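Please keep the sequence and the structure in view while reading.

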Amino acid sequence: MRATVALTRVETLLFLRNPTSIFMAMLPALLLLLQAYVIPGTMNPIGGPDPNAAALRPINFFVPVAVTVAIASVAITNYPSSVGSYRETGILRRLGVTPVGAHRVLLAQWVVSGMSLAAALLLTMTIAWLAIGASAPSNATIAAVAVIFGTIAMMSLGSVLAAIAPNAHAAYGLGLIVFMATMFTAGMWTPGPLMPETIRIISGFTPMGAMTQALTDAWYAGTVSLVPFIVMTAWALLASALAVKIFRWV
(Lines give C-alpha, C1' and ligand atoms only; values in the text may rest on other atoms or scores of the structure.)
Protein backbone atom coordinates (compact mmCIF):
# COMPACT_ATOMS: atom_id res chain seq x y z
CA MET A 1 0.00 0.00 0.00
CA ARG A 2 2.87 2.34 0.90
CA ALA A 3 4.53 1.69 -2.46
CA THR A 4 1.29 2.42 -4.33
CA VAL A 5 0.84 5.72 -2.48
CA ALA A 6 4.42 6.72 -3.24
CA LEU A 7 4.04 5.88 -6.92
CA THR A 8 0.76 7.77 -7.09
CA ARG A 9 2.43 10.83 -5.55
CA VAL A 10 5.23 10.67 -8.12
CA GLU A 11 2.79 10.18 -10.99
CA THR A 12 0.77 13.18 -9.81
CA LEU A 13 3.85 15.40 -9.76
CA LEU A 14 4.86 14.23 -13.23
CA PHE A 15 1.37 14.93 -14.53
CA LEU A 16 1.32 18.45 -13.11
CA ARG A 17 4.72 19.16 -14.65
CA ASN A 18 3.45 18.21 -18.10
CA PRO A 19 1.41 21.17 -19.41
CA THR A 20 0.50 19.30 -22.61
CA SER A 21 -1.42 16.62 -20.75
CA ILE A 22 -3.26 19.19 -18.64
CA PHE A 23 -4.03 21.19 -21.79
CA MET A 24 -5.45 18.12 -23.57
CA ALA A 25 -7.48 17.12 -20.53
CA MET A 26 -9.39 20.40 -20.30
CA LEU A 27 -9.28 22.39 -23.52
CA PRO A 28 -11.47 20.38 -25.97
CA ALA A 29 -14.54 20.46 -23.74
CA LEU A 30 -14.14 24.16 -23.02
CA LEU A 31 -13.81 25.02 -26.71
CA LEU A 32 -16.94 23.02 -27.38
CA LEU A 33 -18.94 25.12 -24.92
CA LEU A 34 -17.46 28.45 -25.99
CA GLN A 35 -18.73 27.93 -29.52
CA ALA A 36 -21.94 29.50 -28.20
CA TYR A 37 -20.25 32.85 -28.74
CA VAL A 38 -19.05 31.95 -32.24
CA ILE A 39 -21.86 30.05 -34.00
CA PRO A 40 -25.05 32.10 -34.49
CA GLY A 41 -28.29 30.64 -33.17
CA THR A 42 -26.82 28.29 -30.59
CA MET A 43 -28.16 30.46 -27.75
CA ASN A 44 -31.69 30.74 -29.16
CA PRO A 45 -34.52 28.45 -27.98
CA ILE A 46 -35.22 25.50 -30.27
CA GLY A 47 -38.99 25.88 -30.15
CA GLY A 48 -41.34 23.29 -31.58
CA PRO A 49 -44.37 21.36 -30.32
CA ASP A 50 -42.55 19.53 -27.51
CA PRO A 51 -42.96 21.72 -24.40
CA ASN A 52 -40.02 20.02 -22.64
CA ALA A 53 -37.59 20.83 -25.44
CA ALA A 54 -39.04 24.08 -26.77
CA ALA A 55 -37.25 26.27 -24.22
CA LEU A 56 -33.91 24.51 -24.60
CA ARG A 57 -31.14 25.97 -26.76
CA PRO A 58 -28.84 23.96 -29.06
CA ILE A 59 -25.92 24.79 -26.77
CA ASN A 60 -27.72 23.06 -23.88
CA PHE A 61 -27.33 19.71 -25.63
CA PHE A 62 -23.58 20.28 -25.87
CA VAL A 63 -23.17 20.29 -22.08
CA PRO A 64 -23.43 16.45 -21.74
CA VAL A 65 -21.26 16.18 -24.85
CA ALA A 66 -18.62 18.40 -23.22
CA VAL A 67 -18.58 16.16 -20.15
CA THR A 68 -18.07 13.13 -22.40
CA VAL A 69 -15.30 14.87 -24.34
CA ALA A 70 -13.47 15.74 -21.11
CA ILE A 71 -13.53 12.10 -20.07
CA ALA A 72 -12.38 10.85 -23.48
CA SER A 73 -9.48 13.29 -23.72
CA VAL A 74 -7.98 11.82 -20.56
CA ALA A 75 -8.91 8.17 -21.08
CA ILE A 76 -7.83 7.64 -24.68
CA THR A 77 -5.04 10.18 -25.20
CA ASN A 78 -3.28 11.08 -21.93
CA TYR A 79 -3.47 7.71 -20.19
CA PRO A 80 -2.21 5.52 -23.09
CA SER A 81 0.58 8.03 -23.83
CA SER A 82 1.89 7.78 -20.27
CA VAL A 83 1.93 3.99 -20.33
CA GLY A 84 3.53 4.01 -23.79
CA SER A 85 6.34 6.24 -22.55
CA TYR A 86 7.03 3.86 -19.66
CA ARG A 87 7.20 0.93 -22.06
CA GLU A 88 9.52 2.85 -24.38
CA THR A 89 11.94 3.78 -21.60
CA GLY A 90 11.89 0.32 -20.02
CA ILE A 91 10.24 1.40 -16.76
CA LEU A 92 7.54 -1.28 -17.00
CA ARG A 93 10.10 -4.00 -17.70
CA ARG A 94 12.34 -2.99 -14.80
CA LEU A 95 9.51 -2.60 -12.29
CA GLY A 96 8.05 -5.92 -13.39
CA VAL A 97 10.96 -7.81 -11.76
CA THR A 98 10.90 -5.84 -8.49
CA PRO A 99 8.66 -6.31 -5.43
CA VAL A 100 6.90 -3.06 -6.40
CA GLY A 101 5.54 -4.63 -9.58
CA ALA A 102 4.61 -2.87 -12.78
CA HIS A 103 0.92 -3.32 -12.02
CA ARG A 104 1.18 -0.63 -9.34
CA VAL A 105 2.31 1.83 -11.99
CA LEU A 106 -0.90 1.14 -13.91
CA LEU A 107 -2.97 1.54 -10.75
CA ALA A 108 -1.25 4.87 -10.06
CA GLN A 109 -2.03 5.92 -13.64
CA TRP A 110 -5.73 5.18 -13.08
CA VAL A 111 -5.71 7.23 -9.87
CA VAL A 112 -3.96 10.19 -11.54
CA SER A 113 -6.33 9.95 -14.50
CA GLY A 114 -9.24 10.04 -12.06
CA MET A 115 -7.92 13.24 -10.49
CA SER A 116 -7.37 14.73 -13.93
CA LEU A 117 -10.93 13.81 -14.90
CA ALA A 118 -12.34 15.37 -11.75
CA ALA A 119 -10.48 18.63 -12.42
CA ALA A 120 -11.53 18.68 -16.07
CA LEU A 121 -15.19 18.01 -15.21
CA LEU A 122 -15.21 20.66 -12.48
CA LEU A 123 -13.79 23.28 -14.81
CA THR A 124 -16.11 22.23 -17.65
CA MET A 125 -19.22 22.52 -15.48
CA THR A 126 -18.07 25.84 -14.03
CA ILE A 127 -17.67 27.28 -17.53
CA ALA A 128 -21.02 25.79 -18.57
CA TRP A 129 -22.83 27.48 -15.69
CA LEU A 130 -21.04 30.82 -15.87
CA ALA A 131 -20.62 31.24 -19.64
CA ILE A 132 -23.81 29.78 -21.11
CA GLY A 133 -26.15 29.60 -18.12
CA ALA A 134 -26.43 25.82 -18.18
CA SER A 135 -28.80 24.24 -15.69
CA ALA A 136 -27.95 21.49 -13.24
CA PRO A 137 -28.98 17.92 -14.17
CA SER A 138 -32.63 17.11 -13.53
CA ASN A 139 -31.44 13.90 -11.90
CA ALA A 140 -27.93 14.40 -10.54
CA THR A 141 -27.72 10.82 -9.22
CA ILE A 142 -28.31 9.25 -12.61
CA ALA A 143 -25.93 11.73 -14.21
CA ALA A 144 -23.20 10.80 -11.72
CA VAL A 145 -23.76 7.09 -12.32
CA ALA A 146 -23.56 7.67 -16.07
CA VAL A 147 -20.24 9.50 -15.63
CA ILE A 148 -18.86 6.62 -13.55
CA PHE A 149 -19.98 3.96 -16.03
CA GLY A 150 -18.71 6.01 -18.97
CA THR A 151 -15.36 6.68 -17.32
CA ILE A 152 -14.77 2.98 -16.67
CA ALA A 153 -15.75 2.10 -20.24
CA MET A 154 -13.48 4.75 -21.76
CA MET A 155 -10.56 3.94 -19.46
CA SER A 156 -10.94 0.28 -20.45
CA LEU A 157 -10.85 1.31 -24.10
CA GLY A 158 -7.78 3.42 -23.36
CA SER A 159 -6.21 0.37 -21.73
CA VAL A 160 -6.39 -1.46 -25.06
CA LEU A 161 -4.38 1.34 -26.66
CA ALA A 162 -1.99 1.40 -23.72
CA ALA A 163 -1.54 -2.36 -24.00
CA ILE A 164 -0.09 -2.30 -27.51
CA ALA A 165 1.49 1.13 -28.05
CA PRO A 166 5.30 0.75 -28.22
CA ASN A 167 5.95 4.37 -27.23
CA ALA A 168 4.26 7.62 -26.25
CA HIS A 169 4.06 8.99 -29.80
CA ALA A 170 2.36 5.85 -31.12
CA ALA A 171 -0.05 5.84 -28.18
CA TYR A 172 -0.94 9.47 -28.74
CA GLY A 173 -1.41 8.92 -32.47
CA LEU A 174 -3.69 5.93 -31.95
CA GLY A 175 -5.55 7.75 -29.20
CA LEU A 176 -6.11 10.80 -31.38
CA ILE A 177 -7.60 8.66 -34.16
CA VAL A 178 -9.96 6.94 -31.72
CA PHE A 179 -10.73 10.28 -30.06
CA MET A 180 -11.81 11.89 -33.32
CA ALA A 181 -13.93 8.88 -34.28
CA THR A 182 -15.69 8.77 -30.93
CA MET A 183 -16.37 12.49 -31.02
CA PHE A 184 -18.83 11.91 -33.85
CA THR A 185 -20.76 9.25 -31.93
CA ALA A 186 -20.72 11.47 -28.83
CA GLY A 187 -22.48 14.21 -30.80
CA MET A 188 -19.71 16.79 -30.97
CA TRP A 189 -20.85 17.94 -34.41
CA THR A 190 -24.54 17.11 -34.00
CA PRO A 191 -25.83 16.41 -30.45
CA GLY A 192 -27.77 13.17 -30.04
CA PRO A 193 -31.29 14.65 -29.81
CA LEU A 194 -30.61 16.57 -33.05
CA MET A 195 -29.11 13.59 -34.92
CA PRO A 196 -31.00 11.66 -37.61
CA GLU A 197 -32.74 8.73 -35.94
CA THR A 198 -30.67 6.00 -37.63
CA ILE A 199 -27.34 7.60 -36.72
CA ARG A 200 -28.51 8.22 -33.17
CA ILE A 201 -29.43 4.55 -32.72
CA ILE A 202 -26.08 3.36 -34.11
CA SER A 203 -24.18 5.86 -31.95
CA GLY A 204 -26.01 4.55 -28.90
CA PHE A 205 -24.15 1.25 -29.22
CA THR A 206 -20.75 2.94 -28.85
CA PRO A 207 -19.34 3.81 -25.41
CA MET A 208 -19.25 7.55 -26.07
CA GLY A 209 -22.67 7.61 -27.67
CA ALA A 210 -24.21 5.59 -24.84
CA MET A 211 -22.68 7.86 -22.21
CA THR A 212 -23.85 11.02 -23.96
CA GLN A 213 -27.38 9.67 -24.37
CA ALA A 214 -27.55 8.65 -20.71
CA LEU A 215 -26.25 12.05 -19.59
CA THR A 216 -28.63 13.94 -21.88
CA ASP A 217 -31.64 11.99 -20.57
CA ALA A 218 -30.52 12.47 -16.96
CA TRP A 219 -29.87 16.16 -17.56
CA TYR A 220 -33.07 17.19 -19.30
CA ALA A 221 -35.60 14.36 -18.82
CA GLY A 222 -34.65 13.15 -15.35
CA THR A 223 -35.03 9.51 -16.39
CA VAL A 224 -32.96 7.13 -18.49
CA SER A 225 -33.30 3.61 -19.86
CA LEU A 226 -30.98 0.76 -18.91
CA VAL A 227 -29.74 0.30 -22.48
CA PRO A 228 -26.90 2.88 -22.34
CA PHE A 229 -25.62 1.38 -19.08
CA ILE A 230 -25.72 -2.12 -20.55
CA VAL A 231 -23.78 -0.87 -23.58
CA MET A 232 -21.14 0.86 -21.41
CA THR A 233 -20.80 -2.23 -19.20
CA ALA A 234 -20.34 -4.49 -22.21
CA TRP A 235 -17.65 -2.21 -23.65
CA ALA A 236 -15.86 -2.05 -20.28
CA LEU A 237 -15.84 -5.83 -19.85
CA LEU A 238 -14.79 -6.62 -23.42
CA ALA A 239 -12.14 -3.90 -23.64
CA SER A 240 -10.61 -4.67 -20.24
CA ALA A 241 -10.48 -8.39 -21.02
CA LEU A 242 -8.80 -7.66 -24.35
CA ALA A 243 -6.32 -5.26 -22.73
CA VAL A 244 -5.29 -7.89 -20.17
CA LYS A 245 -4.85 -10.49 -22.89
CA ILE A 246 -2.68 -8.42 -25.23
CA PHE A 247 -0.81 -6.26 -22.70
CA ARG A 248 2.95 -6.03 -23.29
CA TRP A 249 5.33 -5.18 -20.47
CA VAL A 250 8.20 -4.59 -22.92
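## Helix packing

Helix 10 and helix 11 (residues 227-246) pack at an angle of about 150°, with axes 9 Å apart. That makes helix 10 roughly antiparallel to helix 11 (angles over 145 degrees count as roughly antiparallel, under 35 as roughly parallel, 65 to 115 as roughly perpendicular and the rest as oblique). Helix 10 passes helix 11 in a left-handed crossing (the near helix is turned anticlockwise from the far one by less than a right angle; clockwise is right-handed). Pro207, Ala210, Met211 and Ala214 of helix 10 touch Pro228, Phe229, Val231, Met232 and Trp235 of helix 11, where contact means heavy atoms within 4.5 Å. By class, this contact has 9 nonpolar, no polar and no charged residues. Ala, Val, Leu, Ile, Met, Phe, Trp, Tyr, Cys and Pro count as nonpolar, Asp, Glu, Lys and Arg as charged, and the others, Gly among them, as polar.

The model is predicted: local features need pLDDT of at least 70, side-chain atom pairs count only at pLDDT 80 or more, and totals for chains, interfaces and linings use all residues. Residues are numbered from 1 along each chain as its sequence is written, and side-chain values use heavy atoms, leaving out hydrogens and water.

Helix 10 (residues 207-220) also packs against helix 7 (residues 140-164). These two helices are therefore roughly antiparallel to each other. On helix 7, the residues in contact include Ile142, Ala146, Gly150 and Leu157; on helix 10, they include Met208, Met211 and Ala218. This contact has 13 nonpolar, 2 polar and no charged residues.

Helix 4 (residues 62-89) meets helix 8 (residues 168-186). Here the crossing is right-handed. Val65, Ile76 and Glu88 of helix 4 are among the contact residues, as are Tyr172, Phe179 and Ala186 of helix 8. The classes are 13 nonpolar, 8 polar and 1 charged.

| Helix pair | Axis angle | Axis distance |
|---|---|---|
| Helix 7 and helix 10 | about 170° | 9 Å |
| Helix 4 and helix 8 | roughly 165° | within 8 Å |

Axes are lines fitted to C-alpha atoms, for helices over the stretch in contact, and angles run from 0 to 180 degrees between N-to-C directions.

## The whole protein

The protein has 11 helices and 0 strands. Helices (H or I, at least four residues) and strands (E, at least two) are DSSP runs, numbered from the N terminus. Of its 250 residues, 49% count as buried, meaning under 20% relative accessible area with a 1.4 Å probe, protein chains only.

Notes:
Buried means under 20% relative accessible area, exposed over 50%, partly exposed in between (1.4 Å probe, protein chains only).
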